[in-house]
Amino acid sequence: MKLFQKNPTFYKSVFSLALPIAMQSLISIGVNMLDTIMVGSLGETALSAISLANSFISIYHIFCMGLGMGASVLVSRYWGMKKAAEDRKEEAEKAEQALKQTVCLMLRITVGLAALFALLTLTMPAPLMKMYTSDSEIIRLGAVYFRWSLVTYFFLGTGLVSTIILRSVGQVRLPLYVSIGAFFVNLGANYTFIFGKFGAPRMEVAGAALGTLIARLFEAAMILGYLFFKDKAIRFRLRDLFMKTGSLIGEYIRISIPVLVSDAILAIGNNSVAMVIGHLGAAFVAANAITSVTQQLSTVVIQGISQAGAIVTGQTLGLGDRQKTMNQGWMFFGLGLALGTVSAVFIMAVSHPIISTYNVSEETVKIAEQLMAAISFIIIFQATNSIMTKGVLRGGGDTKMLMLADNIFLWILAIPLGILAGFVFHWPAFWIYVCLKSDQIVKTFWCLGRLKSEKWIKKISTGKA
């Protein structure tokens, strides 16, 4: 198998899926950057408060990504099965029924998780902030942001998982168009309520939360409206929310739940990283907030390729072509190495112009510069293993092994090394970040071995007869 091959059909199919996904991610990052710049004009304390509050909200976001991507493993496979059985009506109907049951289970769990996170945010905003910082003013502002974000969970979650499912059957343009609309909605709402324009009250941190809520409401209304009333691929309708799903629960738990558990524990682990950073001081927190936006910008295409990898792999296996799936797996690995290198060069090129746009202290600037250098190194490994773990291996149904690998490398290696580097050895910011992300390096080599073994290709059924 070769990493780089002349296969125009493969690359065309991958990038036709990946680029709209990447563009949508880019727009979402643009919204986050605007939030950061607007709130950053209020000072480092407000910027740190929103950054740390969003660290907790991102746990729910990652849970939803896990739910959506876990369900997409099944949906992609069932979609491939349905297309392969077009001339066999009974098999095609069985695949479509399993597809709908998967979507139904996913939406039910998403709403349940939204209710849980909303309850936590409502009842204990200050204790949640204290997990990340001991600064009383940051805690106070973070609690304000939380109070205005309660309902956001429901719109964020249902809109996100539905978007992932639509992508799994090739519907990538609509989510992109909706994200463009949400960008302008968020921009207008943020400007209006953060700074008190057009007769609205000046709400500052609360205004940033309200602007995000309005944008999420718009996004969810558009995506769910299409899924429930217009979509002709999945053909999931409102009445299907009440369908019986017992025949698929076993398969759903086997394939999808490990993705949720993996991403959930990974989210907690990433928040542990945020806690380490939060206790390194306000300057380090602010610097990390600045650089995280740049890192997100550099990985939008990588994220798109990752999701495309899961979709393409699942659909190819659904069609029954194992050898083609292996060949594609090696080409995806090569794409990861290439895109990681390009991303590293991009980060180094834009680091200074981006840092200079923020009104922060000299100490924060120096830390941000070191973090940018560290990110440009780590991104090469992160790109490669992300495309494999979140794409190819996950699309093959290897979700249990990924659950173990993701979290063992994070909890046993990266977090302990980061704590030692930051609080025991007091190393420079560059080395603290490299230690906190050392799991990305090790995981890349693990992915290579797993790919070669072919053990990652799992059988998936349409449920009980």
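Visitor: Which residues of α7 and α8 meet, and how many of the contact residues are nonpolar?
Guide: This is a predicted model. On the α7 side the contact includes Leu174, Pro175, Val178, Val185, Phe193 and Ile194. On the α8 side the residues include Leu210, Ile214, Phe218, Met222, Ile223 and Tyr226. Divided by class, the contact has seven polar residues, one charged and 16 nonpolar.

Visitor: Are α7 and α8 roughly parallel or roughly antiparallel?
Guide: Helix α7 covers residues 173-195 and helix α8 covers residues 205-229, and their axes lie 8 Å apart. The angle at which they pack is about 155°. Angles over 145 degrees count as roughly antiparallel, so α7 relative to α8 is roughly antiparallel.

Visitor: Is the crossing of α7 and α8 left-handed or right-handed?
Guide: Two packed helices are described by the angle between their axes and the distance between the axes. The hand of the crossing is a further description. Where α7 passes α8, the crossing is right-handed.

Visitor: How are α12 and α13 arranged, roughly parallel or roughly antiparallel?
Guide: Helix α12 spans residues 322-355 and helix α13 spans residues 362-395. Their axes come within 8 Å and cross at roughly 160°. The cut-off for this class is over 145 degrees, therefore α12 and α13 are roughly antiparallel.

Visitor: In the contact of α12 with α13, how many residues are nonpolar?
Guide: The crossing of these two helices, α12 and α13, is right-handed. Their contact has one charged residue and eight polar residues. The nonpolar residues in the contact of α12 with α13 number 21.

Visitor: Is Met326 buried or exposed?
Guide: Met326 is found in helix α12. Its relative accessibility is 3%. Buried means under 20%, so Met326 counts as buried.

Visitor: What separates the C-alpha atoms of Met326 and Ile268?
Guide: Along the chain, Met326 and Ile268 are 58 residues apart.

Visitor: Is Arg450 buried or exposed?
Guide: Arg450 lies in helix α16, residues 438-453. The relative accessibility of Arg450 is 12%. Because the cut-off for buried is under 20%, Arg450 counts as buried.

Visitor: With which side chain does the side chain of Arg450 make a polar contact?
Guide: Leaving aside residues up to four places away in sequence, Arg450 touches Leu393, Asp398, Met401, Lys455, Trp456 and Lys458. The polar contact in question spans 2.8 Å. The partner is the side chain of Asp398.

Methods. Residues numbered from 1 in each chain as written. Predicted model: local features only at pLDDT ≥ 70, side-chain atom pairs only at ≥ 80, totals over all residues. Heavy atoms only, no water. Axes fitted to C-alpha atoms, helices over the stretch in contact; angles between N-to-C directions. Helix = DSSP H or I, 4+ residues; strand = E, 2+ residues; numbered from the N terminus. Parallel < 35°, antiparallel > 145°, perpendicular 65-115°, else oblique. Left-handed = near helix turned anticlockwise from the far one by under 90°. Contact = heavy atoms within 4.5 Å. Nonpolar A, V, L, I, M, F, W, Y, C, P; charged D, E, K, R; others polar. Buried < 20%, exposed > 50% of the residue type's maximum accessible area, 1.4 Å probe, protein only. Polar contact = N/O pair within 3.5 Å; in protein donor to acceptor, adjacent residues only side chain to side chain.
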